[in-house]
Amino acid sequence: MHFLDQAKIFIRSGAGGPGAVSFRREKYEEYGGPDGGDGGKGGDIVFEAVAGLNTLIDFRYTQHFKAPRGTGGMGKNRTGAGGKDLVVKVPVGTQVIDDDGETVLLDLTEPGTRVVLLRGGDGGRGNLSYKTSTNRAPRQSGPGWPGQEMYVWLRLKLLADVGLVGLPNAGKSTFINQITNTKAKVGDYAFTTLRPQLGVVRHKNREFVLADIPGLIAGAAEGAGVGDRFLGHIERCRVLIHLIDINGTDPAEAMHIVQDELEAYGEGLDEKPRLIALNKIDLADTELVKAFRAELRAAGAKRVFPISGATGKGLSALLDAVLEHLPAATMTERPDGEVEDAADHTPWSPI
C-alpha cells in the first residue's frame with residue numbers, strides 16, 4: 001500500500017428540498033385549504049476516524065464528496081425525505097485543515113470519533129406554513145436552503161508513542177527491525193527510508209508503537225534532503241529516541257544537527273524527552289564507546305545508551321528508559337484511549 005499523508009478534497013453538503021404548493025382535493029371539501037409539506041433537509045458532511053487505516057491514498061483517486069439534497073415536500077402535508085449524510089472515513093490522527101493551509105478545523109485523534117463539518121441545508125417551507133387568517137390560500141413555498149461547500153486539506157499525523165530520529169545511515173531501519181516485526185528497507189546509502197514506518201514494540205509485558213521517519217540532515221527545515229515534512233508524524237510522541245552512528249560524523253555534531261532541526265521545525269519537538277542512543281557499538285572497541293559517551297554527555301546529553309541495532313546489545317536498558325515516559329496504558333494496550341494514571345483503570349467498588 002502506498003503511503004500518502006496529505007490530500008486536498010472538495011466537500012459539499014446537500015441542499016434542502018423545496019416546499020410544496022398543494023391544496024386538499026377531497027369530496028365534499030370544497031374549500032380544503034393548503035396542505036403542501038415542507039422539503040427535506042440536505043445531507044451533512046461527516047468525518048469519522050477509523051482504526052486500521054494509516055494512509056490517505058484513497059483520497060488520491062476520490063477527491064469530490066457531495067452529500068445528496070433533500071427531497072421536495074408533497075401534498076397531504078407530507079415532509080420530504082432528508083438527504084443521507086455522507087461519512088468521510090479517515091485514519092486516526094488526521095487533521096482537517098482549511099484551504100488556507102493553516103487553520104485546523106478538526107483533529108481526529110480518537111477511534112470512532114464522528115464530527116459534522118458541513119451541515120446540510122434546511123428544507124423549504126410548504127404553502128401550509130404560510131397560511132394565516134388573512135391569507136387562507138397561499139400559493140408560495142420556500143425553495144430550500146443551499147448546502148455549504150469548501151476545499152479542505154487532509155493531513156495525517158501518525159499516532160505513535162515513541163519517535164525515532166537521526167541522521168541518514170544512523171541505523172534506524174535496522175533498529176526498528178530488531179525490536180518490532182516491521183520489515184523496513186535496509187541499505188548502505190543515505191535516505192534508505194523514504195516514508196514513515198510504524199512498528200509495535202513489546203517489552204516487559206508492555207506494548208507501544210514506534211515510528212521511524214526519514215533521516216534528517218542540516219538544513220532540513222529549509223527543504224534539504226527530504227525536508228522536515230515527516231516530522232509531523234512524531235509531534236504526538238511521548239518520547240524521542242535519537243540514534244547516533246558511532247562510526248559516522250562526530251557524535252556531538254550529529255546530535256546538535258538533529259537538535260537544531262527539531263528546534264527549527266517547532267511544534268514543541270525540541271521540548272520532548274530525548275534518549276540518546278549511540279548505535280553500532282559492535283563495530284567499535286570499548287574505549288572508543290566510553291570516549292564518545294563522555295563527549296555526548298559533555299555536549300548536553302542527559303542519558304546516553306550504547307546499543308547495537310544489529311546484535312540487540314544494550315536495547316533492553318534503552319527500552320526500560322522508554323517505558324518511564326509512557327502512560328499507564330498506551331493506545332495499543334487500551335483501544336478506547338490512553339490512561340495517564342494506573343489508578344484510572346481500577347474498578348469501582350463500594351467496599
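Mentor: Let us begin with a polar atom of the side chain of N279, which lies 2.9 Å from the backbone oxygen of A170. Such a pair is a polar contact, that is, two N or O atoms within 3.5 Å, where within protein one must be able to donate a hydrogen and the other to accept it, and where residues adjacent in sequence count only if both atoms are side-chain atoms. Before going further, please keep in mind that this is a predicted model, in which local features need pLDDT of at least 70 and side-chain atom pairs count only at pLDDT 80 or more, while totals for chains, interfaces and linings use all residues. Residues are numbered from 1 along each chain as its sequence is written, and side-chain values use heavy atoms, with hydrogens and water left out.

N279 belongs to strand β13, which covers residues 274–279; helices (H or I, at least four residues) and strands (E, at least two) are DSSP runs, numbered from the N terminus. With a relative accessible area of 2%, N279 is buried, where buried means under 20% relative accessible area, exposed over 50%, and partly exposed in between, using a 1.4 Å probe and protein chains only. If its neighbours within four places in sequence are left aside, N279 is in contact with A170, G171, L243, I244, D245, I246, I307, S308 and G309, a contact being heavy atoms within 4.5 Å.

The buried residues of α4 are V289, F292 and L296. Seen down the axis of α4, its buried residues fall within an arc of 70°, so they line one face of the helix; the arc is taken over the directions from the helix axis to the C-beta atoms. On the face of α4 turned away from its buried side we find the exposed residues T286, E287, K290 and A298.

The length of α4 can be checked too: its 13 residues reach 19 Å from the first C-alpha to the last, close to the 18 Å expected at 1.5 Å a residue, where the expected span is 1.5 Å times one less than the number of residues. At the start of α4, a side-chain oxygen of D285 comes to within 3.2 Å of the backbone nitrogen of E287, and α4 is followed by G300, whose phi is positive, near 120°.

With 15 residues, α3 reaches 22 Å between its first and last C-alpha, close to an expected 21 Å. Its buried residues are P251, A252, A254, M255, I257, V258, E261 and L262, and what covers them includes β9 (162–166), β12, β13 and α4. Just after α3, G266 has a positive phi of about 80°.

N169 is found in the loop between β9 and α2, and its phi is near 65°, a positive value in a residue other than glycine. As background, most residues other than glycine have a negative phi. At 31% relative accessibility, N169 counts as partly exposed.

Helix α2 covers residues 172–179, and its axis comes within 12 Å of that of helix α5 (residues 315–323), the two crossing at roughly 85°. That makes α2 roughly perpendicular to α5, since angles under 35 degrees count as roughly parallel, over 145 as roughly antiparallel, 65 to 115 as roughly perpendicular and the rest as oblique. Axes here are lines fitted to C-alpha atoms, for helices over the stretch in contact, with angles from 0 to 180 degrees between N-to-C directions. Where the two helices meet, F175, Q178 and I179 in α2 touch L315, L318 and L319 in α5.

Finally, let us set this part within the whole. The protein has five helices and 14 strands, and buried residues make up 46% of its 351 residues. Among contacts between residues at least 6 apart in sequence, 73% join residues at least 24 apart.
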